[in-house]
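Take a look at the protein chain shown here. The report below walks through its sheet, its helices, its core and its charged pairs.

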Amino acid sequence: SPPPELSEQLLVNLGIVTRTDDRRFTPTVGGYLIFSKEDPIEHREFFRYCVRCIRYSGNDPSSPIVDKADVTGTLDKQIEEAKKFILRNIALKASISGTKRVEVYAYPEGAIREIVANAIIHRDYQTTETYTQIVVFADRIEVSNPGTLPPGINIDNLKTAQYSRNEIIAQILRDMDYMEEYGRG
């Protein structure tokens, strides 16, 4: 087993912990949101770091709510649970593959995973007044995040420019296979 100081330095280098002025180690926001043993929203400063999911029966918010959930937990759990929420609230279509009937979702499952992962990974975690939101309507899915566009990104270059708002979170979740980080999102 490596000496403790080597392990501590590795955690600092990975951005999971930081050393305080009094030489103690404390988790970074990204480290805490990914590796916490407890639900991060249990701490007051993180109570809105969840994904608010809503399914309306129609095409606008004035239609009745069919399903709703606040998805909490570490960021990897949020990605998994938010994706599950969407999948249980979108239509399945039947198609024939060879000689068998196969059911496929109305939206590609890979695209849903990518959208959810990007929303959670690239959220502005300095904005604490609201949630990441996923709204499923009868005719579409809308995903919104707190915060503004990151520096250097504008409406004109939105499709081609790249920027990682949360490099540590992106790197760790990439290593956990939740994102590619190839700029194809």
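## An exposed arginine and its partner

R101 is exposed, at a relative accessible area of 58%. Here "exposed" means over 50% relative accessible area, "buried" means under 20%, and "partly exposed" covers the range in between (1.4 Å probe, protein chains only). R101 meets E103 in a salt bridge, with 3.2 Å from N to O. A salt bridge is a side-chain nitrogen of Lys or Arg within 4 Å of a carboxyl oxygen of Asp or Glu. E103 counts as partly exposed, because its relative accessibility is 45%.

## About the model

This is a predicted model: local features need pLDDT of at least 70, side-chain atom pairs count only at pLDDT 80 or more, and totals for chains, interfaces and linings use all residues. Residues are numbered from 1 along each chain as its sequence is written, and side-chain values use heavy atoms, leaving out hydrogens and water.

## The hairpin

Strands β5 (residues 92-97) and β6 (residues 100-105) pair in the antiparallel sense, over six bridges. Strands are DSSP runs of E with at least two residues, helices are runs of H or I with at least four, and both are numbered from the N terminus. Two strands pair if DSSP finds at least two bridges between them.

Which residue of β6 is the bridge partner of A94? It is E103. S97 has K100 as its bridge partner in β6. Two residues lie between the strands of this hairpin, and G98 takes a positive phi near 65°.

## The open sheet

Four strands form an open sheet with mixed pairing, in the order β4-β3-β7-β8. The edge strands, β4 (65-71) and β8 (141-144), each pair on one side only. From one strand to the next, the twist averages 10°. Strands of a sheet pair through backbone hydrogen bonds, either parallel or antiparallel.

β3 (residues 51-56) and β7 (residues 132-136) run parallel and are joined by five bridges. C53 in this pairing stands opposite I134 of β7.

## The helix across the sheet

Helix α3 (residues 75-88) lies across β3, β4, β7 and β8, and runs at about 175° to β4. Axes are lines fitted to C-alpha atoms, for helices over the stretch in contact, and angles run from 0 to 180 degrees between N-to-C directions.

Beyond its neighbours within four places in sequence, K83 is in contact with E109, I112, R113 and V116. Contact means heavy atoms within 4.5 Å.

## The nonpolar core

The largest nonpolar core has 31 residues. Such a core is a set of buried Ala, Val, Leu, Ile, Met, Phe, Trp, Tyr and Cys residues joined through side-chain atoms within 4.5 Å. L75, V116, I134 and L173 have the most contacts inside this core. At least two residues each come from α2 (29-35), β3, α3, α4 (109-121), β7 and α5 (167-175). α3 gives the largest share, six residues.

I134 also has contacts beyond its neighbours within four places in sequence, including V51, C53, A82, I86 and V116.

The whole structure holds ten salt bridges. One of them joins R88 and D67, at 2.8 Å from N to O. This pair links distant parts of the chain: R88 is in helix α3 and D67 in strand β4, 21 residues apart. R88 is exposed at 52% relative accessibility, whereas D67 is buried at 18%.

R24 forms a salt bridge with D22, with the closest N and O atoms 3.7 Å apart. D139, R140 and E142 are linked in a network of salt bridges.
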